[in-house]
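Let's take a walk through the inside of this protein, starting with its aromatic rings. Have the model open beside you as you read.

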Amino acid sequence: MRLQLSAPHNKKIQKTIAITGSKSETNRSLLLQALFPNIKIENLSNSDDGEVMKKGLAKSSGEVDIHHAGTAMRFLTAYFASQEGKQVVLTGSKRMQERPIKVLVEALQSLGADIQYEKEGGYPPLKIIGKKLKKSQVSLPANISSQYISALLLIAPSLENGLELELIGKITSVPYIKMTLALLEQIGVQTSFEGNKIKVAPKQKVEDNTLVVESDWSSASYFYSIAAMCEAGTEIQLSSYKQSSLQGDSVLAEIYKDFGVETTFSNNTILLKKTTEIKSEHLEYDLSNAPDIAQTIAVTCLGLGVGCHLTGLHTLPIKETDRLAALQIELGKFGATVDIDSESLTLQPQSNFNIGVAVDTYNDHRMAMAFGPLALKADFMVNDAEVVSKSYPDFWNDLKTLGFGIVES
């Protein structure tokens with residue numbers, strides 16, 4: 001599906017949008033519910049990834065196809081490896097079969113797991129024969145995707161002896177690790193995170209408990225971008241969000257002050273208000289703890305004619321696509337000058353845009369959504385726009401609610 005995007009007639013937007021639960025919190029909560037069935041969950045994400053995770057957890061044998069869902073691949077690898085009596089082949093899309101999983105597989109094997117590669121070593125699909133894992137000590141490189149680390153932490157309370165995990169080197173994506181530990185603590189599991197060592201105590205059963213999933217801050221990022229590119233006086237209210245969020249992307253509230261957007265928290269909502277125009281010509285951010293908002297920030301900077309230097313992006317090349325390479329290509333279509341290396345992106349400021357271009361999305365939901373707000377500055381098209389269903393199926397309808405022109409072309 002190709003969509004043609006154009007700006008709202010009124011660029012002083014005043015609207016309210018309800019966003020469903022965080023994909024990250026949803027998939028963590030679903031795995032914990034599978035281990036401890038008396039847990040209840042409210043405000044689940046309606047994303048494709050959440051649905052894939054639910055379906056995967058319901059299976060005990062045969063093929064489990066998680067399509068493009070990287071979180072589900074990592075979490076389900078650990079889950080099935082620790083489930084005695086379950087035997088599956090865990091697979092996914094062509095791109096998923098190009099995304100490395102060797103570090104997690106080797107960590108689980110060191111705990112006693114029975115996992116074999118069905119095709120190329122180090123990559124899905126995986127043949128997993130569930131076993132009772134009795135070993136309790138494992139180490140991982142600290143700079144890998146936090147999903148590997150969280151996968152091990154989530155199954156840890158169900159292991160006979162719990163888990164002691166040592167992270168080697170400089171730790172990145174700390175908020176996602178802390179999110180996992182906070183959810184474990186909410187269901188009564190004892191944890192500790194001191195220096196580079198994380199300990200999770202075993203727990204045979206938990207008390208009846210309800211986990212309320214906060215709405216997705218990554219999804220909120222696109223509305224921060226819209227507010228930043230709109231006229232002063234714009235107010236967009238989003239629900240439901242907490243000031244003491246578990247999500248690393250909640251740093252948006254601080255970052256977007258630089259773009260003239262103030263955030264007010266009240267009764268589980270946030271109000272984004274455009275108060276001033278951006279004053280800087282060049283912005284720099286280390287996004288080690290929030291790499292998923294890099295695309296949004298880069299596009300916002302393009303739209304406002306400012307430059308940026310974004311670092312801490314070493315996990316982006318192994319996402320749904322190589323996000324750094326994809327950003328360089330797609331920003332370039334609008335006339336931008338972009339330099340990338342293995343972990344950073346530099347965008348030069350510019351005042352004019354090419355219009356009428358077609359943005360490719362590379363099977364990556366965030367490529368589609370990050371560029372959406374740019375319609376405030378230039379008419380353009382988005383190819384394969386339906387990819388947003390991976391995390392935010394209502395995205396295009398919500399943009400229509402704000403007044404954006406969106407038609408299938």
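Two rings of Phe, Tyr or Trp (for Trp, the six-membered ring) form a pair if their centres lie within 6.5 Å; planes under 30 degrees apart make the pair stacked, and planes over 60 degrees apart make it edge-to-face. Keep in mind that this is a predicted model.

By this rule there are 12 aromatic pairs. Take Trp-217 and Tyr-224: their ring centres are 6.5 Å apart and their planes meet at 25°, so they count as stacked. Trp-217 is buried, with a relative accessible area of 0%, and Tyr-224 is buried with a value of 0% as well.

Trp-217 has another partner, Tyr-241. Here the centres are 5.0 Å apart and the planes stand at 65°, so this pair is edge-to-face. Trp-217 belongs to helix α7 (residues 217-229), while Tyr-241 sits in the loop between β13 (235-239) and α8 (252-255), so the pair ties together parts that are 24 residues apart in sequence. Tyr-241 is buried, as is Trp-217. Step back, and you will find ring pairs linking Trp-217, Tyr-224, Tyr-241, Tyr-256, Phe-259 and Phe-265 into a cluster.

Now for the nonpolar cores. The largest has 75 residues, and Phe-223, Phe-259 and Trp-396 are the ones that touch the most other members. Helix α7 gives this core its largest share, nine residues. Leaving aside residues up to four places away in sequence, Trp-396 touches Leu-3, Leu-5, Ala-368, Gly-372, Val-382, Ala-385, Val-388 and Ile-406. There is also a second, separate core of 65 residues, with Met-96, Leu-104, Ile-198 and Val-206 among them.

How values were computed:
Residues are numbered from 1 along each chain as its sequence is written. This is a predicted model: local features need pLDDT of at least 70, side-chain atom pairs count only at pLDDT 80 or more; totals for chains, interfaces and linings use all residues. Side-chain values use heavy atoms; hydrogens and water are left out. Buried means under 20% relative accessible area, exposed over 50%, partly exposed in between (1.4 Å probe, protein chains only). Helices (H or I, at least four residues) and strands (E, at least two) are DSSP runs, numbered from the N terminus. A nonpolar core is a set of buried Ala, Val, Leu, Ile, Met, Phe, Trp, Tyr and Cys residues joined through side-chain atoms within 4.5 Å. Contact means heavy atoms within 4.5 Å.
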